[in-house]
Amino acid sequence: MFRSLARLKPYAGRYRGRVTFGISLFLIARVFEGSIPFILSIGIDSITSGEGKILLPVAGIVVAVSLRFVTVSWARIAVRRSAYLLACDLRRDLYEHLQVMGPRFFGQYSIGDMMTRAIADISLIQRLISHGTTLLVIMVFATVVGFAYMLYISPMLTLLILPPLPFVFMYTLRASRQMGLASRQVQDRLSDLGAHVQENLSGIRTIQAMVQEDIEIRRFERTNQGYADAFYRHARITSLMSAVMPSMAALCSVTILGIGGIMVLNGDMSVGQFTAFFLYVNMVVQPFRVAGMVVNMFQRAAVASDRLFEVFDRPPEIPDAPQEGIPAHIRGDLEIRGLSFTYDKATTPALADISLAIARGESISVMGRVGSGKSTLLKQLVRIHDPEPGTVFIDGRDVRDYPLAQLRAQVALVPQDPFLFGEPLRDNLTYDDPSRRLDRIWMAAESADLKDTIESMPEQMETVVGERGITLSGGQKQRATLARGLIRHSPVLVLDDCFSSVDTETEEHILAELKRLRSGQTTIIVSHRVSTARHSDRIVVLDEGRILEVGTHKELLEAGGFYAELERIQREGADEADFEAAAATAAGAGG
């Protein structure tokens, strides 16, 4: 447990002064608290002896209570503020770390799981610092101060409290181990719950379209029940500990009451001393009553710390180690030499011995059936998947030598999934540079055939498109992400199947704009349509991760292979036919 929490030391060290100040105040507050029974005993003995001098004890108690209130208030403010700042640092670092993680990481950890770690797990650590540490400090200081006063009043009675302590320690140690295992199960099941809800709500349209609401509700009930069962096991351990500790404390109080009462009757102790001693007993045994809560906080925070550092310990999949002397600007000459790539746990390579040279200013179309490696090839260019050294070159330099920020800024990838943020449309189009002038935004929108759509909206550029662009159609989202790519005017533009949801008339307009805007700049387009590919300078046909054909539209038609067969199928009206079946036929003809 403590080994896990020790990893938080660098974060806690940033607020060492504030925490030390708070702990010091808690110690002072315990001294003031401990003085109250002592002053009370003086007042009681004064009354029982008939002296009647109670004004000074009353004033002393008022002063002690007031000073304790002030010191405790300042101590809690100092410690809790440190806890909030520490939690803020953890969330920031976790968020920054997730920004550089790659597909392999997010294939292993779900978004719901990461949200649980970022919110619930860090909240447990924050709660430990703000409340658990406070309770632990109070327990230690109250015990030390209470024992000091008790030894001063009656060493013999004080020794009567010591025998149960070894049993308390052994029970606490055993229960804490059980609680640690139970806490881990609770947090894991909570992550499962978060992941389930996130996945379900992301796919709510598919669920409703396929009338699977009842099945999804039953699936959620199983996940929810798993979390409830884990929490029940954890609560059972916590509840038992919370019951045992107060019972031991009550046993100590009964012992002191019986033996201390006899001492008062025999004249070995005054009524005031007995009253003070009994209050000190309560001060000492009070920690036993909250020990279960404190152990629970520490164990759950330790599990949360383990889960956080499990993520922090994962290094970025794509190392950013740029070489010196890299030019600040990319011209746009690309070369691929014997590139192969295999996904984790895959038995066959997604790309196999790909070699291709693309000159600056050339437009290239990449075609092939689903799973032929088109998107995988494009992702190698911007290192979303990291190519092997010596396989992908830009302007004659290995792509791995470029800083990632420069590479991805100047080789603009418009992905297949048209993702939009739940922000105004203007912010989505200028995501990489919000300071762009409005006229440039409208030009990019017009080139992507999105201008009329925006003008038809009541708030035009300020229209909030909803989460993942849910208020727009598939074609509108595709054109919006295309405009976001065009506005960057990057030396290399990579379009991953960005015309699948637009009609042929819109496609012709966009392709004409691409040719006009990107004269002299390199453009790579993935498409399933011959009508798109024929506008490119060259066409590359992939099949099963290998280059099947390369040439112009005219050259590939004359070759009579895959591309020619695909062109025939689409020309004869196979647009509504199953593309996979058509592509398979075409691949057989081209072989």
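## Note on the predicted model

1. The structure holds one cavity of 30 Å³ or more, where a cavity is a set of points, on a 1 Å grid over the protein atoms alone, at which a 1.4 Å probe fits but cannot get out. The largest cavity has a volume of about 60 Å³, a volume being the space filled by probe spheres set on the points, with grid points joined across faces, edges and corners. This is a predicted model, in which local features need pLDDT of at least 70 and side-chain atom pairs count only at pLDDT 80 or more, whereas totals for chains, interfaces and linings use all residues. Residues are numbered from 1 along each chain as its sequence is written, and side-chain values use heavy atoms, with hydrogens and water left out.

2. The lining of the largest cavity, made of residues with an atom within 4 Å of a point, includes Leu334, Ile336, Leu356, Ile358 and Ile524. Strands E1 (334–341), E2 and E3 and helix H12 (374–381) each give two or more residues to this lining, and H12 gives the most, with three. Helices (H or I, at least four residues) and strands (E, at least two) are DSSP runs, numbered from the N terminus. By class, the lining has ten nonpolar, no polar and no charged residues; Ala, Val, Leu, Ile, Met, Phe, Trp, Tyr, Cys and Pro count as nonpolar, Asp, Glu, Lys and Arg as charged, and the others, Gly among them, as polar.

3. Glu362 is placed in the loop between strand E2 (351–358) and strand E3 (363–367). Is Glu362 buried or exposed? Glu362 counts as buried because its relative accessibility is 13%, the cut-offs being under 20% relative accessible area for buried, over 50% for exposed and in between for partly exposed (1.4 Å probe, protein chains only). The side chains of Glu362 and Arg538 are joined by a polar contact of 2.5 Å, that is, a pair of N or O atoms within 3.5 Å, of which, within protein, one must be able to donate a hydrogen and the other to accept it, while residues adjacent in sequence count only if both atoms are side-chain atoms. Leaving aside neighbours within four places in sequence, the contacts (heavy atoms within 4.5 Å) of Glu362 include Gln521, Thr522, Thr523 and Asp537.

4. Ala304 lies in helix H11 (residues 271–312) and is buried, with a relative accessible area of 0%. Beyond its neighbours within four places in sequence, Ala304 is in contact with Asp121, Leu124 and Ile125. Ala304 and Leu5 are 299 residues apart in sequence and 9.1 Å apart in space, C-alpha to C-alpha.

5. Asp395, in the loop between E4 and strand E5 (397–398), has a positive phi near 55 degrees and counts as buried at 14% relative accessibility. His489, in the loop between helix H17 (474–486) and strand E7 (492–496), has a positive phi near 50 degrees and is partly exposed, with a relative accessible area of 41%.

6. On confidence, the mean pLDDT (the predictor's confidence in each residue, from 0 to 100) of the protein is 78, and 87% of its residues reach 70 or more.

Key:
1 Å grid on protein atoms, 1.4 Å probe; cavity = no way out; pocket = protein on both sides within 12 Å on 5 of 7 lines; lining within 4 Å.
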